[in-house]
Amino acid sequence: MTTTLDRTANRALTPRLPARLSLTPKTRLAGRLDGAWWPRSRDLAAELPALADALEGRWGRITRVLVNPGHWPVVPHKVAVTGGHALHVGWFTEQDPDKVILLSSTTGRCDLLVIPPETEPASAARLMTAAALSGSVLTAGALMSGEAATGRRMREARSSEDVWESEGGAALAPQAPQPHPAAHPVVGARMIPLPGYMRVTTWRP
């Protein structure tokens, strides 16, 4: 993906939806992440103002954002947010591409898993729950890899079930109990009663 650096991005007055966000509970048990963010697009200038608004109540005014440019086609240097101040945006290729780091002037740093916009809702819900667990030692990359594996297993299970049903597995009627082999003499591969004159008798001296 080619990344473009945009030196000015002012969309603070554009109507926007609230950020889709999950945060860890307030606790002394610190983990690798502080929650997860599920943006609606890969447009940082459009997505960051709502994220900054959502975090302000807990983290104070967000002043700086750090991203990996691999997942964002345009990385603006500044983004105007509510309140008239600018959010400075930086990027590092060494940073986990599945994570965004936000810095506050009052409460420090907030690390969030970034869930790709195109993620299915069920998958996104699992990721948001996992990223918000207090004290979790899983990194953003580990969570994404784990969810990818879970998705593959679920697709394989659905595929196996579809094949089973397409082959009539779901419509198999219960089979009637078969008679015990001793009930009739066996002739060839068929089990039929023999006429009386063909029945075998046991001769005793």
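Leaving aside its neighbours within four places in sequence, which residues is His85 in contact with? In this predicted model, local features need pLDDT of at least 70 and side-chain atom pairs count only at pLDDT 80 or more, while totals for chains, interfaces and linings use all residues. Residues are numbered from 1 along each chain as its sequence is written, and side-chain values use heavy atoms, with hydrogens and water left out.

His85 sits in the loop between strand E6 (78-80) and strand E7 (86-91); strands (E, at least two residues) and helices (H or I, at least four) are DSSP runs numbered from the N terminus. The partners of His85 beyond those neighbours are Arg61, Ile62, Val79 and Ala80, contact meaning heavy atoms within 4.5 Å.

Turning to helix H2, its buried residues are Ser123, Ala124, Leu127, Met128 and Ala131. These cover an arc of only 135 degrees around the axis, so they lie on the same side of H2; the arc is taken from the directions from the helix axis to the C-beta atoms. Pro121 and Thr129, on the other side of H2, are exposed.

Note on methods: Buried < 20%, exposed > 50% of the residue type's maximum accessible area, 1.4 Å probe, protein only.
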